[in-house]
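Subject: The structure we talked about

Hi there,

Here is the structure I promised to send over. Please open it alongside this email, and my notes on what turned up follow below.

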Amino acid sequence: LMLALLSIGIPTIRSSAAAAPSSVSAAGGPQAGQLTLSWDYDFTPPRIAACGTTVNNCIYEFRVARRAGGVEVAVSTVPVPTNAAGMANFAVPVGAPVLGALSFTVQALARDGAGLIVPGAVASVDYVVRPDAPQNLRVQ
């Protein structure tokens, strides 16, 4: 699922499925350990720059959240490197998979000229973890 990247620099979250939620089984692939969420963010001018030598009018971090069973939980915040420029890639582990539907969100946080926090638009991706199918099914 690729989300549109607007001129203000909305995170674009990558997923393995183009039209449907990502889906994996409970026994193989990434669900054996940690799920990792990755996204791109465009700092190319005239978009808002990363905070570097200045601390105002810039993007300083991303807020990552996970929703399962209707409950949203903050996963982490990801600081923006002071030298981030152009199209930058970010990744963060978001925990072990749980059976069922998950939704992940990423939101850029900026500071305005007065240093007040300005939240950006939210990008999201859905992910489904299902049990594996039985193996060696046969009629005897």
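Rings of Phe, Tyr and Trp (for Trp, the six-membered ring) count as a pair if their centres lie within 6.5 Å. Please keep in mind that this is a predicted model.

With that rule, the count comes to six aromatic pairs. In one of them, the ring centres of Trp-39 and Phe-90 are 5.8 Å apart and the planes meet at 15°; planes under 30 degrees apart count as stacked, so this pair is stacked. The pair links distant parts of the chain, since Trp-39 belongs to strand E3 and Phe-90 to strand E6, 51 residues apart. Both Trp-39 and Phe-90 are buried.

Another pair is made by Tyr-41 and Phe-43, and this one is tilted, with 4.8 Å from centre to centre and 55° between the planes. Tyr-41 and Phe-43 are buried as well. Taken together, ring pairs connect Trp-39, Tyr-41, Phe-43, Phe-62 and Phe-90 into a cluster.

The strands are worth a look too. Strand E3 covers residues 35-42 and is mostly covered, with seven of its eight residues buried. Its partner E6 spans residues 87-95; the two strands run antiparallel and are joined by eight bridges. If you want a place to start tracing that pairing, Thr-36 stands opposite Pro-93 in E6.

Now to the charged side chains. How many salt bridges does the structure hold? There are two. One brings together the side chains of Arg-47 and Asp-42, at 3.0 Å from N to O. Here Asp-42 is buried, at a relative accessible area of 8%, whereas Arg-47 is partly exposed at 22%. In the other, the side chains of Arg-67 and Glu-72 meet at 3.1 Å, again N to O. Arg-67 counts as partly exposed, with 37% relative accessibility, and Glu-72 is partly exposed too, with a relative accessible area of 45%.

Happy browsing, and do write back with any questions!

Best wishes

Note on methods. Residues are numbered from 1 along each chain as its sequence is written. This is a predicted model: local features need pLDDT of at least 70, side-chain atom pairs count only at pLDDT 80 or more; totals for chains, interfaces and linings use all residues. Side-chain values use heavy atoms; hydrogens and water are left out. Buried means under 20% relative accessible area, exposed over 50%, partly exposed in between (1.4 Å probe, protein chains only). Helices (H or I, at least four residues) and strands (E, at least two) are DSSP runs, numbered from the N terminus. Two strands pair if DSSP finds at least two bridges between them. A salt bridge is a side-chain nitrogen of Lys or Arg within 4 Å of a carboxyl oxygen of Asp or Glu. Rings of Phe, Tyr and Trp (its six-membered ring) pair if their centres lie within 6.5 Å; planes under 30 degrees apart count as stacked, over 60 as edge-to-face and the rest as tilted.
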